[in-house]
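Dear colleague,

I am handing over the structure we spoke about, with the sequence and the coordinates placed just below. After them come my notes on what was found, arranged so that you can follow them with the model open.

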Amino acid sequence: MNFRIIPALALSASIAAFALLGSCQQAPLSGPPELNLGHQECGDCGMLINEDRCCAAILVDADSGHREHILFDDIGCLLEYKGTKPTTKIIEHWVRDYSARSWVKSESAFYLMSEAIRTPMGSWIVAFASRQAAEAVQKENEGRILSWDEVIVARREWMEARYGKRPG
């Protein structure tokens with residue numbers, strides 16, 4: 001047996017193994033999370049998520065390219081989290097459509113803020129994929145229909161009126 005061939009074979013096998021490992025890497029996490037009611041905690045208040053119609057989620061860059069989802073039991077919790085953690089690298093925001101019970105990108109959703117609608121943490125904010133769906137629920141519950149940017153401001157103003165301005 002030629003002992004000079006063995007190191008060459010070992011080197012070739014190592015290169016092939018590394019090439020295979022490199023090709024098996026998964027694509028970066030994207031899109032909304034899977035929802036597992038009663039088993040996932042809210043990233044802001046820590047309560048178990050038991051109501052799918054009011055929840056929200058963000059996809060964050062947790063550590064140099066490692067992505068993970070953070071779920072919230074109420075859209076208000078998502079907005080509170082954003083306000084208290086401004087340095088979090090958020091890649092995507094998602095909210096659940098109150099009627100269809102499916103994920104919608106938060107920037108394209110329509111929000112109904114109505115004190116007649118109970119939400120898990122009392123934000124009174126629910127989301128819809130279409131303005132028509134929001135208007136249909138608004139007819140029964142009154143309230144204001146808002147865009148993503150408007151709901152951020154409305155929530156902050158509501159919190160300040162109720163609890164006072166946050167320091168800083």
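Predicted model: local features only at pLDDT ≥ 70, side-chain atom pairs only at ≥ 80, totals over all residues.

E3 and E4 run antiparallel and are joined by three bridges; here Val 95 stands opposite Val 104 in E4. These two strands, E3 and E4, form a hairpin with six residues between them, and Arg 101 in the turn has a positive phi of about 55°.

**The three-stranded sheet**

A further open sheet consists of three strands in the order E6-E5-E7, with antiparallel pairing. E6 and strand E7 (144-146) stand at its edges with a single partner strand each, so one side of each has no neighbour in the sheet. Neighbouring strands of this sheet are turned by 30° against each other on average, direction ignored. The antiparallel pairing of E5 with E7 extends over three bridges, and Met 113 stands opposite Arg 144 in E7. Helix H4 lies across E5, E6 and E7, and runs at about 125° to E7.

**The nonpolar cores**

The largest nonpolar core has 25 residues, of which Phe 72, Ile 75, Val 95 and Tyr 111 touch the most other members. At least two residues of this core come from each of E1, E2, H2, strand E5 (110-113), strand E6 (125-128) and helix H4 (148-163). A second, separate core has nine residues, including Cys 54, Phe 128, Ala 134 and Val 137. As general background, nonpolar side chains tend to be buried together in soluble globular proteins.

Leaving aside residues up to four places away in sequence, the residues it touches include Ile 75, Val 95, Ile 125, Val 126, Arg 144, Leu 146, Trp 148 and Val 151.

**The salt bridges**

The count of salt bridges comes to five, and I describe some of them here. Asp 52 forms a salt bridge with Arg 96, the closest N and O atoms being 3.4 Å apart. This pair links distant parts of the chain, since Asp 52 lies in the loop between helix H1 (5-23) and E1, while Arg 96 is in strand E3, 44 residues apart. Both Asp 52 and Arg 96 are buried.

Asp 52 also forms a salt bridge with Arg 101, with the closest N and O atoms 3.5 Å apart. Here too distant parts of the chain are linked, with Arg 101 in the loop between E3 and E4, 49 residues apart from Asp 52. Why does Asp 52 count as buried? Its relative accessibility is 12%, and buried means under 20% relative accessible area. Arg 101, by contrast, is partly exposed, with a relative accessible area of 40%. Taken together, Asp 52, Arg 96 and Arg 101 are linked in a network of salt bridges.

Another salt bridge joins Arg 53 to Glu 51, whose closest N and O atoms are 3.3 Å apart. Arg 53 is partly exposed, with a relative accessible area of 24%, and Glu 51 is partly exposed as well, at 25%.

**Confidence in the model**

The mean pLDDT of the protein is 85, and 83% of its residues reach 70 or more. Over residues 18-23, however, the pLDDT is below 50, and this stretch has zero contacts in the model beyond near neighbours in sequence.

With best wishes

Technical notes: Residues numbered from 1 in each chain as written. Heavy atoms only, no water. pLDDT = per-residue confidence, 0-100. Contact = heavy atoms within 4.5 Å. Core = buried A, V, L, I, M, F, W, Y, C linked by side-chain atoms within 4.5 Å. Buried < 20%, exposed > 50% of the residue type's maximum accessible area, 1.4 Å probe, protein only. Helix = DSSP H or I, 4+ residues; strand = E, 2+ residues; numbered from the N terminus. Pairing = 2+ DSSP bridges. Axes fitted to C-alpha atoms, helices over the stretch in contact; angles between N-to-C directions. Salt bridge = Lys/Arg side-chain N within 4 Å of Asp/Glu carboxyl O.
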